[in-house]
Amino acid sequence: DVYKSEGAGTYIVFGEAKIEDLSAQAQMQAAEQFKPQPEASITAESKDVAVVDEESEDDEVDESGVEAKDIELVVAQASVSRAKAVKALKNNANDIVNAIMELTM
């Protein structure tokens, strides 16, 4: 819980204070992409290509009725494509928390 002191302009934090740094998370995810994969075979590469093709088809999603900032937040928090984020938001009546939980659980 976080409380603000009215007169002094200070904050009181009960419990552990955590600061969420989205840019650091994005950097870590980008670094993970460049790690060497020990068992990279031709069949694994062909599977990766197939997955990329499926995602590119999903990019053309109707985003009407969904706010762009909500989509960006779900994409950042759940580490999914924009199309999956839009679909999850629509499935959950634009509820950001439930959309993220649907994608991560």
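Start with the pair of helices on screen: Asp70, Leu73, Val74, Gln77 and Ala78 in α3 meet Ile96, Ala99, Ile100, Leu103 and Thr104 in α5. Contact here means heavy atoms within 4.5 Å. Helices are DSSP runs of H or I, at least four residues, numbered from the N terminus. The residues of this contact divide into 7 nonpolar, 2 polar and 1 charged.

Before going on, the ground rules. This is a predicted model, in which local features need pLDDT of at least 70 and side-chain atom pairs count only at pLDDT 80 or more, while totals for chains, interfaces and linings use all residues. Residues are numbered from 1 along each chain as its sequence is written, and side-chain values use heavy atoms, with hydrogens and water left out.

Back to the pair. The axes of α3 and α5 come within 10 Å and cross at roughly 35 degrees; they are lines fitted to C-alpha atoms over the stretch in contact, with angles from 0 to 180 degrees between N-to-C directions.

Which elements give two or more residues to the largest nonpolar core? That core has 11 residues in all, including Val66, Ile71, Val80 and Ala99. The elements are α3 (68–78), α4 and α5 (96–104), and the largest share, 4 residues, comes from α4. A nonpolar core is a set of buried Ala, Val, Leu, Ile, Met, Phe, Trp, Tyr and Cys residues joined through side-chain atoms within 4.5 Å. Buried means under 20% relative accessible area, exposed over 50%, and partly exposed in between, with a 1.4 Å probe and protein chains only.

In α4 (residues 82–91), the buried residues are Ala83, Ala85, Val86, Ala88 and Leu89. Beyond its neighbours within four places in sequence, Val86 is in contact with Val61, Asp62, Glu63 and Ile71. Lys84, also in α4, is partly exposed because its relative accessibility is 41%.

Last, the loops. Most residues other than glycine have a negative phi. Ser79, in the loop between α3 and α4, has a positive phi near 55 degrees. Ser79 has a relative accessible area of 42%, so it counts as partly exposed. Ala93, in the loop between α4 and α5, also has a positive phi near 55 degrees. Ala93 counts as exposed because its relative accessibility is 69%.

Terms used: Ala, Val, Leu, Ile, Met, Phe, Trp, Tyr, Cys and Pro count as nonpolar, Asp, Glu, Lys and Arg as charged, and the others, Gly among them, as polar.
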